[in-house]
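Me: I'm new to this one and have just opened it. Please walk me through it, starting with the terms.

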Amino acid sequence: MKTNLKVLCCVLAGFICYGFMNGPEDNNSSLVSAVAMQQDNNLQEQAAEIFQKNCAVTGCHTGKYAKRRLNLGPEFFVNNLVDVQSRQIDSLLRVDTTNPQQSYMLIKIRGDEGIAGERMPLDSPPLSYSDIKTIESWVYSLSDQSLDEGYTREQAAEARTEFEQSPFWGTRVINLPTTTNIGEHDLLFRVSHRFFFPIKEGYEVYWGLNGPADVLLSLGFGITKDVSISIGHE
């Protein structure tokens with residue numbers, strides 16, 4: 001009886017020790033993972049705010065007609081940056097998750113040597129040191145994990161804005177409408193010319209360009225993503 005009691009006590013002690021040795025460690029591991037995930041989410045939110053304030057502004061990287069077809073709005077910037085080829089330097093990615101330091105977006109906002117064109121943001125003061133460090137931290141965080149919002153890196157590399165998926169660059173081809181719309185809550189001011197002389201008149205009228213023309217001025221507004229309205233005067 002005493003032997004059985006000793007064996008039972010040893011078994012219970014073993015379970016207790018196992019719980020102390022493994023339970024807290026597992027809990028700590030889960031806690032660390034949760035904290036790291038929250039930090040990464042915070043970094044992405046901070047990066048989104050920086051882009052929206054300094055880059056995703058009218059006439060720059062926002063809307064359907066964003067410069068370089070790069071929309072940096074909060075809902076677009078991840079897909080348009082991460083593992084996507086730069087349009088200025090083909091050998092670099094905008095955000096390179098395998099080699100973060102070579103991300104062209106970081107090179108561009110830091111104004112490093114070798115950039116094409118001007119330092120970003122264009123026609124505005126450079127980003128502050130703290131803003132640059134925040135974006136750098138966000139870029140580096142992507143090298144160790146899958147993207148938020150359920151996207152994998154491969155999906156992000158293939159993703160494009162709606163503008164880039166459109167078969168037409170603009171809303172008109174000469175005077176004919178295309179399937180491309182203005183875009184929700186966007187404005188489009190258009191100046192069109194219709195020349196009188198036909199092309200076959202040749203060099204003397206510079207193939208129709210050296211002559212009178214009708215000018216159309218129009219202003220369009222996107223009511224929704226698929227519905228827009230325009231008014232014009234010719």
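Reply: Helices (H or I, at least four residues) and strands (E, at least two) are runs assigned by DSSP and numbered from the N terminus. The model is predicted: local features need pLDDT of at least 70, side-chain atom pairs count only at pLDDT 80 or more, and totals for chains, interfaces and linings use all residues. Residues are numbered from 1 along each chain as its sequence is written, and side-chain values use heavy atoms, with hydrogens and water left out.

Me: How many helices and strands are there in the protein?

Reply: The protein has 6 helices and 5 strands. Along the sequence they follow the pattern α-α-α-α-α-α-β-β-β-β-β.

Me: And what share of the residues is buried?

Reply: Of the 234 residues in the protein, 31% are buried. Buried means a relative accessible area under 20%, exposed means over 50%, and partly exposed is in between (1.4 Å probe, protein chains only).

Me: What about contacts between residues at least 6 apart in sequence?

Reply: A contact is a pair with heavy atoms within 4.5 Å. Of the contacts between residues at least 6 apart in sequence, 47% join residues at least 24 apart.

Me: How many residues are in the largest nonpolar core?

Reply: The largest nonpolar core holds 24 residues. Such a core is a set of buried Ala, Val, Leu, Ile, Met, Phe, Trp, Tyr and Cys residues joined through side-chain atoms within 4.5 Å. In this one, the residues with the most contacts inside the core are F51, F77, L81, M105, I135 and W138.

Me: Which elements give two or more residues to it?

Reply: Those elements are α1, α2, α3 (104-110) and α4 (129-141). The largest share of the core comes from α1, at 5 residues.

Me: Take I135. What does I135 touch?

Reply: Not counting residues up to four places away in sequence, I135 touches I50, F51, M105, L106, I109 and L127. Two of these, F51 and M105, are also on the list of residues with the most contacts inside the core.

Me: Switching to loops. Where does C60 lie?

Reply: C60 is in the loop between α1 (2-54) and α2 (77-81).

Me: Buried or exposed, and why?

Reply: C60 counts as buried because its relative accessible area is 13%. Leaving aside neighbours within four places in sequence, C60 is in contact with C55, A66 and K67. L70 is 10 residues from C60 along the chain, and their C-alpha atoms are separated by 8.8 Å.

Me: Where is P121 found?

Reply: P121 belongs to the loop between α3 and α4. P121 counts as buried because its relative accessibility is 7%. Its contacts, leaving aside neighbours within four places in sequence, are with N54, P126 and L127. P121 and C55 are 66 residues apart in sequence, yet 6.3 Å apart in space, C-alpha to C-alpha.

Me: On to phi. What is the phi of D83 near?

Reply: Phi of D83 is near 55 degrees, a positive value in a residue other than glycine. D83 is in the loop between α2 and α3, and D83 is buried because its relative accessible area is 16%.

Me: And what is the phi of D123 near?

Reply: Phi of D123 is near 60 degrees, again a positive value in a residue other than glycine. D123 is found in the loop between α3 and α4, where P121 is also found.

Me: Is D123 buried or exposed, and why?

Reply: D123 is exposed because its relative accessible area is 76%.

Me: Last one, in the strands. Which strand is the place of I231?

Reply: I231 is in strand β5 (residues 228-233). I231 counts as exposed because its relative accessible area is 62%.

Me: What is I231 in contact with, leaving aside neighbours within four places in sequence?

Reply: I231 is in contact with L217, S218 and L219. For S218, the separation from I231 is 13 residues in sequence and 5.4 Å in space, C-alpha to C-alpha.
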